[in-house]
Amino acid sequence: MKKPVSVFMMDVTDSSRNWKEVSSYLETVETYIKHWTKGLPNVHIKHRLGDEIVCIFDHYATAYTIAFYINQIWRFSDQPPYFGMSFGNVEEDISDIDIDKWNHPLMKHARLANERIKQSSNRTPIILFPDSDAMSVPTVEMSNLLLEYQGKLINEQTKLQRLISGLFSVLDEQKMIANLLGKSPSTISSHYKKGNCEIILKTFNTLQRTLNHQEETQSGTYPSNIMNELENTIKNHLKQNLKIITN
């Protein structure tokens with residue numbers, strides 16, 4: 001029986017500069033991922049080699065959803081994370097997979113995507129390299145172009161714009177964000193527009209829908225409700241712990 005999954009391999013830019021601090025923070029990020037994905041039947045997470053987290057999740061859109069929110073809360077603005085990502089169908093249960101020994105093409109694709117980012121002079125946060133049966137070449141190219149554009153907009157944000165973008169991704173309420181940051185709603189609105197926050201969030205929703213559609217087409221499953229539940233879990237966790245974003 002086909003089981004739709006997604007994989008990401010996450011690294012941190014220039015992690016050797018302060019590897020102990022980065023490694024400690026990644027342990028915290030790992031606990032966030034475990035909390036966010038409690039509602040999913042199968043998740044495998046491994047923090048290894050100091051600055052790398054490897055994850056295997058149920059459903060095509062899960063890895064991208066988690067990666068997006070990690071980007072939104074990431075503490076080290078001058079050392080952003082980057083994600084090589086793949087998705088497709090597997091025969092085995094995720095719970096039976098040993099990440100260190102799993103030599104499936106999806107793991108190889110995620111590593112290859114990760115290496116492409118590492119070698120790029122214009123580093124984008126995420127590259128998709130899915131199984132060839134899971135998405136057509138034109139759709140892959142279009143999705144990666146959207147990811148590149150999204151990453152460029154995020155990288156061009158000021159520190160305040162990035163903070164406001166992260167808070168909007170969770171709270172989606174201008175007055176609440178203004179009160180939280182001690183600024184006027186008009187100031188928040190101005191930074192929201194200048195930081196292209198609306199485009200960043202629209203791109204996220206478009207890519208999420210694209211991945212859901214691909215899963216429906218290839219696997220016959222209907223993950224939209226599950227992805228909504230996942231997002232609600234992430235948002236509720238971050239609403240209750242806003243210091244994760246604001247610190």
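Start at helix α7 and select Ser186 and Lys194. Both are exposed, and they sit on the face of α7 turned away from its buried side. Keep in mind that this is a predicted model.

**Stop 1: the other side of α7**

Now select residues 185-194, the whole of α7. Which residues of this helix are buried? Ile188, Ser189 and Tyr192 are. Turn the view to look down the axis of α7. The buried residues fall within an arc of 100°, so they line one face of the helix.

Next, show what lies over that face. Colour each one separately.

Then step just past the end of α7 and pick Asn196. Its phi is positive, at about 55°.

**Stop 2: helix α1**

Move to residues 19-36, which form helix α1.

Is Glu30 buried or exposed? Its relative accessibility is 13%, so it counts as buried. The cut-off for buried is under 20%. Leaving out residues up to four places away in sequence, Glu30 touches Ile45, His47 and Ile53.

Now go to Lys34, also in α1. Lys34 is partly exposed, because its relative accessible area is 44%, and that class runs between the 20% and 50% cut-offs. Draw a distance from the C-alpha atom of Lys34 to that of Ile45. The separation is 7.7 Å, with the two residues 11 apart along the chain. Ile45 is also one of the residues that Glu30 touches.

**Stop 3: zoom out**

Show the whole protein as a cartoon. It has 10 helices and 5 strands. Its C-alpha atoms fill a box of roughly 55 × 40 × 35 Å along the principal axes.

How does the radius of gyration fit a compact globule? For 247 residues, such a globule would be near 18 Å; the protein has 17 Å, which agrees.

Of the 247 residues, 53% count as buried.

Now think about contacts. Among those between residues at least 6 apart in sequence, 73% join residues at least 24 apart.

Finish by colouring the charges. There are 27 positive and 28 negative ones, and their mean positions are 8 Å apart.

Notes: Residues are numbered from 1 along each chain as its sequence is written. This is a predicted model: local features need pLDDT of at least 70, side-chain atom pairs count only at pLDDT 80 or more; totals for chains, interfaces and linings use all residues. Side-chain values use heavy atoms; hydrogens and water are left out. Helices (H or I, at least four residues) and strands (E, at least two) are DSSP runs, numbered from the N terminus. Buried means under 20% relative accessible area, exposed over 50%, partly exposed in between (1.4 Å probe, protein chains only). The arc is that of the directions from the helix axis to the C-beta atoms. The radius of gyration is taken over C-alpha atoms; the globule rule is 2.2 Å times the number of residues to the power 0.38. Contact means heavy atoms within 4.5 Å. Lys and Arg count as positive and Asp and Glu as negative; His and the chain ends are not counted. The place of a charge is taken as NZ of Lys, CZ of Arg, CG of Asp or CD of Glu.
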